[in-house]
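Thanks for coming. I will go through one model today, a few places at a time. Please have the sequence and the coordinates open.

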Amino acid sequence: MQRKPLVMANWKLYGDFESISSWQQSFQTSDNVDAVLCPPFPFLSSVAKAERTFALGAQNVSQHLEGAFTGEVSARMLKSCLVDYVIVGHSERRALYGETDQIAFEKVQTVIAQDLRAVLCVGENQEEREAGTTFDIIEQQLERILTLSEQDISKLVVAYEPIWAIGTGLAATPDMANEVHHFIRNRLAKVTQDVAQSVQILYGGSVKPNNAAQLAKMPDIDGALVGGASLDAQSFTEICQAFGAS
Ligand code: PGA
C-alpha cells in the first residue's frame, strides 16, 4: 500500500497575522505531498477562509467537547474552523502542561469522534535513549491508543519525535529514526496488517531542508512534523519537495 507523504508545520507559540499571511503567499505546494499548517489557535479561521494549497491542523485540543473549561478549545470547534488534523500529546504538552498518556488517549478519542485526524506524538528523552528503554517508552505511549477499534486506529497519524532532537538541531540519523518507525509499524501490525500499512508515521525533531531528503528515503518514514524550520515558507517548501521526491 502506498502511503502519501504528509508534512506538517508546527508553528508552536510563534507568529502573528502578518507573518502567517505572508507565509501563506510564499509557500509552494509539491505534488504527491499533503502539507498541513498548524498555526496558533487565533489564526486558524483566517487561514481557513483564505485560498490555500495545504490543509489546516491544530496544535492541541481539549479532551472535553463542551462545558465550563475556560480557555479550552474543543474538537468540534476545530472542525467548524475547517481543521483536518490535530496534534495530540506533543512532548512540550506532556512536559510543560502535565499531559499524560490517559489525557492524550481522551484527546485522540474526541478528535476521532469529530472525524478529524489525530496526530499522536511519541518519543523518548535523552536519558531514556541512553538507558536503552526507547522501545519500552514508545510501547507505553501507544498502549492505550491501541485499545481503540481498528477503524479508529486507521484514522491516526503517529509522529515519532525523540525529545532530545526537538529544537536542538540534533536530528536523529535516518537509520536511528527508521528503526523506531519500524518498531511502531510492527506494533500497529498487531492490530492488523492493513493498519500497519496504511497509518502514516512521521518523524519530528530538527527536520531541516538539508536532512529532509535522507529521512524521506527511509522506508518507514512517511513524512515530517516540522517545528523551527516550518516558520520559513521557503524552508518548509523545500522539506515538502524532499518528501514529494522520495
Ligand atoms: P523542531 O520541532 O523541528 O523545531 O525540532 C519539532 C516539533 O516539536 O514538532
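**Contacts, cysteines and a helix pair**

Setting aside neighbours within four places in sequence, Q24 is in contact with V47, A50, E51, R52 and F54, where contact means heavy atoms within 4.5 Å. This is a predicted model, in which local features need pLDDT of at least 70 and side-chain atom pairs count only at pLDDT 80 or more, while totals for chains, interfaces and linings use all residues. Residues are numbered from 1 along each chain as its sequence is written, and side-chain values use heavy atoms, with hydrogens and water left out.

Back to Q24, which sits in helix 1, residues 17-26. Helices here are DSSP runs of H or I with at least four residues, strands are runs of E with at least two, and both are numbered from the N terminus. Is Q24 buried or exposed? Its relative accessibility is 16%, so Q24 counts as buried; the cut-offs are under 20% relative accessible area for buried, over 50% for exposed, and partly exposed in between, with a 1.4 Å probe and protein chains only.

Now L13, in the loop between strand 1 (6-10) and helix 1. L13 has 81% relative accessibility and therefore counts as exposed.

Next, the cysteines. How many disulfides does the structure hold? The number is 0, a disulfide being a pair of cysteine sulfur atoms within 2.5 Å. For C38, the nearest cysteine sulfur belongs to C121 and is 9.5 Å away. C38 is buried, at a relative accessible area of 0%. For C240, the nearest cysteine sulfur is that of C38, 12 Å away. C240 is buried as well, at 1%.

Last, a helix pair. Two packed helices are described by the angle between their axes and the distance between the axes. Helix 11 (residues 209-216) and helix 12 (residues 233-244) have axes that come within 8 Å and cross at roughly 20°. Axes are lines fitted to C-alpha atoms, for helices over the stretch in contact, and angles run from 0 to 180 degrees between N-to-C directions. The crossing angle makes helix 11 roughly parallel to helix 12, the term for angles under 35 degrees. On the helix 11 side, the contact is made by P209, A212, A213, L215 and A216, and on the helix 12 side by S235, E238, I239, A242 and F243.

Terms used. Parallel < 35°, antiparallel > 145°, perpendicular 65-115°, else oblique.
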